[in-house]
Amino acid sequence: MRRSTFTDTAVTYASIGGTLAPDLLRYPPKGYRPIERAVRLGSGDERFQLASKSLMTWGVQRGSGMTVTDLLDGTGQQYTGLVFDADGHAARDQKAAPDEATFAEDGTPYIVNGMSAHLTTKFGPFTIDAPVRVVYVIDEPDRVGFAYGTMAGHPASGEESFVVDKREDDSVWLTIRAFSRPSTWVYRLGWPLVRRQQAKMTARYLRALHPIGAV
């Protein structure tokens, strides 16, 4: 099991990688509200490969109506992460190949450690700009995904992860985990509305990779 983590980030919260915690829903970072949602996307290797490819080229965000712009590779030191054995312990042999840039057919770069982007969406008459930076990537035979953290200017402070996995029964699932709180006192005043918008976006995320576009 290999995970890559970018640690030199300009994110606006301290608990980088917190969405990996198994007990996130019970023990989120102090002051943050956690969520976890999942949807079955189908079954089989083909469905897993298609969903993974779309996920790692911002398919969830674009499929939910967001515009993804200003894609920039990470700067600063990047780490290839730890390799774990079947018991969850760090393996002694930590050799890993360096990350290489990969592109989709339309030229969209695959999501990598440290990549930053601006996500924009409509909120009534307003356009919300949400700058984010990828803080870790998961690349395993039956599990692929990433998480991004909020950067300055984002309405929220926190982290959100998107993982596609193929389970023992051959079913393919998308799981979204997150924790967040208002980034400034201005957004704190309107936080009930922001949370409502977050719930709508999460529902759109869950539909974005579904083969029929609705669940």
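Here are some quick questions and answers on the fold and salt bridges of this predicted model.

The model is predicted, so local features need pLDDT of at least 70 and side-chain atom pairs count only at pLDDT 80 or more, while totals for chains, interfaces and linings use all residues. Residues are numbered from 1 along each chain as its sequence is written, and side-chain values use heavy atoms, leaving out hydrogens and water.

Q: How many salt bridges does a search of the whole structure find?
A: Side chains of opposite charge can pair when their charged atoms come close. Here a salt bridge is a side-chain nitrogen of Lys or Arg within 4 Å of a carboxyl oxygen of Asp or Glu. Searching the whole structure on that basis gives six.

Q: Which residue forms a salt bridge with Glu36?
A: Glu36 sits in strand S2 (residues 33–43), and its partner lies 141 residues away in strand S8 (residues 171–182); strands are DSSP runs of E, at least two residues, and helices are runs of H or I, at least four, both numbered from the N terminus. The closest N and O atoms are 2.8 Å apart, and the partner is Arg177.

Q: Is Arg177 buried or exposed?
A: Buried means under 20% relative accessible area, exposed over 50%, and partly exposed in between (1.4 Å probe, protein chains only). Arg177 has a relative accessible area of 12%, so it counts as buried.

Q: Where is Asp45, the salt-bridge partner of Lys166?
A: The two side chains meet at 3.1 Å, N to O. Lys166 belongs to strand S7 (residues 156–166), 121 residues from Asp45, which is in helix H1 (residues 45–55).
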